[in-house]
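Please work through each task before reading its solution.

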Amino acid sequence: MIQNIKKKAFALKIEKRAFINGKYVNALDNDIIHKVSSIDGRDLSGISSCKEADVNIAVDAAKKSFEAKIWLDKLPQEKKEILFQLADLMEQNKEELALLDTVETGRSFKNYYFDSIPKAIQTLRYFAESVDKYYDHTIPPRPNVFATITREPLGVVGLITPWNDPLVVAIWKFAPALLMGNSVVIKPAEQSSFSILRVAALAQKAGIPDGVFNVVTGFGETAGKALALHPDVSGIFFTGSSDVGKKILQYAGQSNMKKVGLECGGKSPFIVSKHCNNLHKAAQVLAKNIFYNQGQICSAPSRAIVDNEIKEDFVKLLIEESQNYIPQDPFDIDTEVGCIINKEQQQRVLDYIEKGKNAGAKIITPCDVDLKHLCVLPTIFDQVDPESSIAKEEIFGPVLVIIGVSSMREAISIANNSKYGLAASIWTNNLDEAHQVSRELQAGIVHVNSYGDDDDTVPFGGIKESGIGKDKSLYAFDEYSYVKTTWVHLDTI
Ligand code: NAD
């Protein structure tokens, strides 16, 4: 039984300095980032605000460690043991990690402790376990001639992460990157740096050599940009907004054409056909996936595209379900949904709600609930113009738009009329419809009669402006390596 969450949160000793070459260090200019907690307004200032000069030191340490092969030359079994050790240490420190993330992001402790952090640890173990079971290839094109196709590490790899699920996204990236033999420099979001800074010390304790695992804290425009532009960084892997994703591509082009992986935003459609036999389940799953974590989930289904024949019944069920996601105190162990990340994000979401009203859409969820923390109520808009900004742009908040359609053709056309292509869903009990719609949906992940399915064995990633490349699964090893072909000729004996 976990007790005194709030008291423990107040008592936390929080490391806020960057972790470079095995040591916590201040930014060279001693600059720090000022911010306050979204839960109680408490001062959270003090994270080192690294600049280009700090990034250069981190990249240099990573480069030296890579060239010295202190990590690269470890056997796959040794790397695996060390990452298993890190997973064990994270498990032992799970409560502290969950508290750090709660304090800094305002998402509920329950989410972090029972869901997000266990998932991150499980992913770390999945990758560690796979590394010596993943083979390269040999091809014999002619007698006495063969070619090997091997995956080689990139070298120094930069990893830039967002704030909405700090450790999950970091592990999706650093676990396969390290297991391929790379040295990493991680730039966490300035809104969520505490837990990865703590993990850096645990990584060192687990046996990851100094210089191999670095964390540079700071703003995106300074630390993130310097990392993405650095000529000694051979790969940059980013999760965040599509606008910044496009900048990352530019930085790669302006510098050394480094390999780029992008996991960006979404405006994912959730189609409900008149052939869906379980509208109640569809409404439950939709409400959970759009309102969980205040809608701050990249793959959240933010567009419900519903057949007009069943729309009225479906919407009634959906309004009821939405009321299970009213934000509460993040420190309460029963709280499902906590705060929104900060005032700016809250204002951004509220501005979108105003735009929706001004465009003639109608809010159909209750608006008179008394909120004690920084958050936004679950908001459902009906009578939405598919061309309006609330229907087209990523809001990254608890806002759902409902668009009525009179055929599956129309549903597919509206679903695909988006610059994004992360996830999508079709709810139907008609087999032909399920197959045809899922094939036609333009998305990296399609769910049939479900949403948000998640497993380490399955790749995650989008198309169009939702990104390039895959996180998770064995496909992730391909991201953090390049493919080398080696021709071998044998003399006849
Ligand atoms: P963001 O793009 O503002 O920031 C993401 C990261 O990029 C942060 O570390 C930030 O400091 C850094 N950054 C910002 N500007 C930069 C620049 N010019 N150069 C280099 N780095 C820079 O995104 P966010 O607000 O932190 O996260 C929300 C966004 O992330 C949403 O769009 C969401 O959809 C997306 N996201 C996508 C996935 C996915 O897997 N597809 C997962 C989580 C979040």
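**Exercise 1: A lysine and its partner**

Task: Determine whether Lys247 is buried or exposed, or in between, and identify the residue with which Lys247 forms a salt bridge.

Solution. Lys247 is partly exposed, its relative accessible area being 32%; buried means under 20% relative accessible area, exposed over 50%, and partly exposed in between (1.4 Å probe, protein chains only). The model is predicted, so local features need pLDDT of at least 70 and side-chain atom pairs count only at pLDDT 80 or more, while totals for chains, interfaces and linings use all residues. Residues are numbered from 1 along each chain as its sequence is written, and side-chain values use heavy atoms, with hydrogens and water left out.

Next, Lys247 forms a salt bridge (a side-chain nitrogen of Lys or Arg within 4 Å of a carboxyl oxygen of Asp or Glu) with Glu221, and the closest N and O atoms are 2.9 Å apart. This pair links distant parts of the chain, 26 residues apart: Glu221 belongs to helix H8 (residues 220-229) and Lys247 to helix H9 (residues 242-254). Helices (H or I, at least four residues) and strands (E, at least two) are DSSP runs, numbered from the N terminus.

**Exercise 2: Helix packing**

Task: Describe how H8 and H9 are oriented to each other.

Solution. The axes of H8 and H9 come within 8 Å and cross at roughly 45 degrees; axes are lines fitted to C-alpha atoms, for helices over the stretch in contact, and angles run from 0 to 180 degrees between N-to-C directions. H8 and H9 are therefore oblique to each other, since angles under 35 degrees count as roughly parallel, over 145 as roughly antiparallel, 65 to 115 as roughly perpendicular and the rest as oblique.

**Exercise 3: A buried pair**

Task: State which parts of the chain the salt bridge between Asp165 and Arg107 ties together.

Solution. The closest N and O atoms of Asp165 and Arg107 are 3.5 Å apart. Asp165 lies in the loop between strand S7 (156-160) and helix H6 (166-179), and Arg107 in the loop between helix H4 (94-105) and helix H5 (109-130), so the pair ties together parts 58 residues apart in sequence. Both residues, Asp165 and Arg107, are buried.

A second case is Lys173, whose salt bridge with Asp471 has its closest N and O atoms 3.3 Å apart. Lys173 is in helix H6 and Asp471 in the loop between strand S21 (467-468) and helix H16 (475-479), so this pair ties together parts 298 residues apart in sequence. Lys173 and Asp471 are buried.
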